[in-house]
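Subject: Structure handover

Hello,

Here is the structure you are taking over. Please look at it first; my notes on what was found follow below.

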Amino acid sequence: MLTESRLDPRLASHSQVVAAGEPWVYDLRAGQTLRIVDLEGNQAVDTLFFNAHDPAERYSAVDTIRGQGALYLTTGTRLISNAGRLMAEIVADTCGRHDTLGGACAAESNQVRYALEKRFMHSCRDNFLLAAARDGRFSKRDIGHNINFFMNVPVTPEGELSFEDGISAGGKYVELRAVMDLIVLVSNCPQLNNPCNAYNPTPVQMLVWDA
Amino acid sequence: MPEPNADTVAHRETLRGGESWSFRLQRGFALRLTDLEGGANVALLAFNAAEPLERYNMPDTLKAQHTFRLTRGHCLYSDMGHSLLSIIDDSLGWHDTVCGVADAQAVAAKYGVGRYQELRNDFHRNGYDRFLIELSKHGLGKRDLVANVNFFSKVTADGEGKIRFVPGHSGPGAHVDLRADMNVLLVLHTCPHPLDPSPDYAPKSVELTVWRCGLPAADDLCRGSRPENARGLENTRRCFCQQDWLATHADA
């Protein structure tokens, strides 16, 4: 559902551009709002959430899907943890549909999907692992199935799944309000082998407003 | 295609509804799940037995094979680009992997209170707790509880992404065969699917058959079903290249 935000970027408490292919870790407190802006269009933003006080509690794709009875994420979607608790809610969305089935690209899954020689290519999972190693509060074991903001992965009634050209465009954004204190872990996706980034990974902007 | 028969079966047992089970399935062996009564659900997690940090990965499995349903010809991928299990036979055509399991709160909300105190061993067991119990036996826990497969259950999605559980999908005798492509720790239970609309708590029993199926041949069904699976099975073979070399060089 397309919903615009009334928040004023000039009043944001934090603003940062994350370059293509970079990880980003941010402690988002309960009540704060995070906006992710797709600056140039069709950029997948692979995102995980952890309970800042117990990173063993994390975003759960299956609990979120089951909770809303639907596969795609948009305004009103409640992001549910693996403990069945509400972590955050999507409160604005000018894109209209976000994915949580496609997961994150990885060196090894690129080998399977494209060619055994693709292992050298940069990937979201490498970003997650490096961010985890630097941060120290979570590790590979805690990396679950992420959200891909701005990514379009349609499923057909016959049970097929495909990666399609994005429905996002430059300046589109999604906004979520934290319900618990969160660690947000992002990889601004470097995938070059499919249309998830329109074959051209680009920067995104992160804006945070206090409660 | 090899079959479970008197020459190949190593073990057979029945698992009650609501029960859990774990097992180290060796490379080249298969597990057949058989729905004995109809309406069963088998929730399954799979790990590399040598390194459980490597585990079944729902998104990598779906996107590698451009599928939302799992059936014959598909591989179940780990997060490390290996095929943990291949579906070498399937009488149903659709198994769910995006709906997870129900916890105690959800089971109580749907079926009412069903405590051991009153019901003894027919108490209402839930999938989340069964996974935690069975994972704990192997030093694993909630951090290892990722999206599972729900065998025998069908959940479809419409054009808007709304999901729907399809009742009556699996009948008595329905079966699926899972070949281990590496040494795999299987953790499974037979609690009802979390979206099963039946108001009665009546989890169904399944038969488990462990049988020798052999390694994937050059013309293997799963290897040939998609080029991705040919690469995935080659990636998996490389994990065993040393022991395979030793097996063919007896005097080395």
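I begin with one strand pair in chain A: β1(A) is joined by 5 bridges to strand β11 of chain A, residues 204-209, and the two run antiparallel. Within this pair, A:His14 sits opposite A:Val208 of β11(A). Please keep in mind throughout that this is a predicted model.

The sheet in chain A

The pair belongs to an open sheet of 6 strands in chain A, with the order β1-β11-β3-β9-β7-β6 and antiparallel pairing. At its edges are β1 (14-18) and β6 (78-80) of chain A, each of which pairs on one side only. On average, neighbouring strands of this sheet are turned by 20 degrees against each other, with direction ignored.

Where the chains touch

Contacts between the two chains involve 34 residues of chain A and 41 residues of chain B. On the chain A side, the elements that give two or more residues are α1 (61-68) and α2 (107-113) of chain A. By type, the residues on that side of chain A divide into 15 nonpolar, 11 polar and 8 charged.

Chain B overall

Chain B has 7 helices and 12 strands. Its C-alpha trace spans about 65 × 40 × 35 Å along the principal axes. The radius of gyration of chain B is 18 Å, which agrees with the value near 18 Å that a compact globule of 252 residues would have. Buried residues account for 54% of the 252 residues in chain B. Of the contacts in chain B between residues at least 6 apart in sequence, 78% join residues at least 24 apart.

The open sheet in chain B

Chain B also holds an open sheet: 6 strands in the order β1-β12-β3-β10-β6-β5, with antiparallel pairing. The edges are taken by β1 (9-15) and β5 (75-77) of chain B; each has a single partner strand, so one side of each is left without a neighbour in the sheet. Neighbouring strands of this sheet are turned by 20 degrees against each other on average, again ignoring direction.

β4(B) pairs with strand β7 of chain B, residues 149-151, over 3 bridges in the antiparallel sense. There, B:Leu44 stands opposite B:Val149 of β7(B). β4(B) also pairs with strand β11 of chain B, residues 184-189, over 6 bridges, again antiparallel. Between these strands, B:Leu45 has B:Val187 as its bridge partner, and B:Leu44 stands opposite B:Leu188.

β11(B) is largely enclosed by the rest of the structure, because 6 of its 6 residues are buried. Both of its faces are covered: B:Val184, B:Leu186 and B:Leu188 are buried on one side, and B:Leu185, B:Val187 and B:His189 on the other. β11(B) pairs with β2(B) as well, in the antiparallel sense over 6 bridges. In that pairing, B:Arg24 is opposite B:Leu185.

Helix α4 of chain B

Which strands do the buried residues of α4(B) pack against? They are β2 (20-25), β4 and β11 of chain B. The buried residues in this helix, residues 127-136, include B:Gly127, B:Tyr128, B:Arg130, B:Phe131 and B:Leu135. These residues are on the same side of α4(B), because they cover an arc of only 165 degrees around the axis.

That is the end of my notes.

Regards

Terms used:
Residues are numbered from 1 along each chain as its sequence is written. Chains are lettered from A and ligands numbered from 1 in the order in which they are written. This is a predicted model: local features need pLDDT of at least 70, side-chain atom pairs count only at pLDDT 80 or more; totals for chains, interfaces and linings use all residues. Helices (H or I, at least four residues) and strands (E, at least two) are DSSP runs, numbered from the N terminus. The radius of gyration is taken over C-alpha atoms; the globule rule is 2.2 Å times the number of residues to the power 0.38. A residue is buried if 20 or more other C-beta atoms lie within 10 Å of its own, exposed if 12 or fewer, and partly exposed in between; C-beta atoms are placed from the backbone. Two residues are in contact if their C-beta atoms, placed from the backbone, lie within 7 Å. Ala, Val, Leu, Ile, Met, Phe, Trp, Tyr, Cys and Pro count as nonpolar, Asp, Glu, Lys and Arg as charged, and the others, Gly among them, as polar. Two strands pair if DSSP finds at least two bridges between them. Axes are lines fitted to C-alpha atoms, for helices over the stretch in contact, and angles run from 0 to 180 degrees between N-to-C directions. The arc is that of the directions from the helix axis to the C-beta atoms.
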